[in-house]
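Hi everyone, thanks for coming along. Let me put the sequence and the structure up on the screen, and then I'll walk you through a few places in it.

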Amino acid sequence: MITALISRKGGVGKTTTAVNLAAALAAQGLRVLLVDLDSQASASLSLGVDRARLAPSSADVLLAGLPAAQAVRRTSVAGLDLITASVDLIRAEAELGVFRAKETRLKAVLDPIVRDYDYVFLDCPSSLSLLPVNAVVAADAFVVPVAPQFLAVTGLCNLIAAAERTAWDHGSRVRPLGLLLTLVDYRIKSTRLTVDELRSEHGSLVFAIEIRVNTRLAEAPAAGQTIFQYDRKAKGAMAYQLLAGEFVMRAKRSD
Ligand SMILES: Nc1ncnc2c1ncn2[C@@H]1O[C@H](COP(=O)(O)OP(=O)(O)O)[C@@H](O)[C@H]1O
Ligand SMILES: [Mg+2]
């Protein structure tokens, strides 16, 4: 199953979730692939890839015809493979335009390798530009991380509808697997209100598990480690492990 992490806002925990959810699933013995589609390559760097060694990346696969299998690399997490991103993705918006099927390009190039994995995650840049469009067309499902700040809840229905319609327009189907509360901090007074609002508006679409603010989660990327490598006793590690359980339950329910 291919899952895209999408949101219109940046800094809501897409990358943190992609990396640590993928790692939690790999720790259960599942075969997992993470495809980094953000030109900032945060997921790749978070997994310990040196900035100078990002090539070959998803840009080469999408734009230069490199077979995806040749861009796949092992990570320091057993069972977790990675296709890195690179700054070359900045050109993707423009250069994908030359392909006749510019929205279905990712789906086509990943097709030969996805069957090697139990779960594939697509870490997207924020917005619904051509790369995330490619991601939702290639994906079976998507997860929307939501940080419960002011105005966080607005526009989520639009995003979900837009993602579903985009996939549909290009001959594929994608379903929302869930909205995930991230960076939750109940010391901030408005948090409870926003969380309640989200849960009452979207009901069971919201993951039961919430990812609280946890300093260790913010520290791990700089060490090039997942939370399980950096501090497996951290609350954030427990949260992502629990999320992996709920994720698998949802994934199985809907296929
Ligand atoms: N639960 C959390 N607790 C503390 N910091 C977090 C948490 N989740 C993410 N962060 C930090 O917040 C920032 C944005 O998260 P990130 O996953 O990069 O968001 P996005 O990919 O949506 O832009 C990063 O610096 C990350 O380390
Ligand atoms: Mg990111």
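Which residues of α6 are buried? They are R105, L106, K107, V109, L110 and I113, where buried means that 20 or more other C-beta atoms, placed from the backbone, lie within 10 Å of the residue's own, against 12 or fewer for exposed and partly exposed in between. The cover over these α6 residues includes α3 (58–63), α4 (68–71) and α7. Helices here are DSSP runs of H or I with at least four residues, strands are runs of E with at least two, and both are numbered from the N terminus.

A quick word on the model. It is a predicted one, where local features need pLDDT of at least 70 and side-chain atom pairs count only at pLDDT 80 or more, while totals for chains, interfaces and linings use all residues. Residues are numbered from 1 along each chain as its sequence is written, with chains lettered from A and ligands numbered from 1 in the order in which they are written.

Back to α6, residues 105–114: its axis and that of α7 come within 7 Å and cross at roughly 50°. Axes are lines fitted to C-alpha atoms, for helices over the stretch in contact, and angles run from 0 to 180 degrees between N-to-C directions. So α6 is oblique to α7, oblique being what remains once under 35 degrees is roughly parallel, over 145 roughly antiparallel and 65 to 115 roughly perpendicular. From α6, the contact uses R105, L106, K107 and L110; from α7, N134, A135, V137 and A138. Contact means C-beta atoms, placed from the backbone, within 7 Å.

Helix α7 (residues 130–138) also packs on α8 (residues 156–169), at about 70° with the axes 8 Å apart. That makes α7 roughly perpendicular to α8. Here V133, V136 and V137 of α7 meet A163, T166 and A167 of α8.

Now over to L47, in the loop between α2 (42–46) and α3. Why does L47 count as buried? Because L47 has 26 C-beta neighbours inside 10 Å. Leaving out residues up to four places away in sequence, L47 touches V19, T75, L82 and G224.

Last stop, ligand 1. Around it sit 18 residues, the closest being G13, K14, T15, T16 and A218; a residue is near if its C-beta atom, placed from the backbone, lies within 6 Å. The elements giving two or more residues to this shell are α1 (14–27) and α10 (215–219), and the largest share, three residues, comes from α1.

Technical notes:
Contact = placed C-beta atoms within 7 Å.
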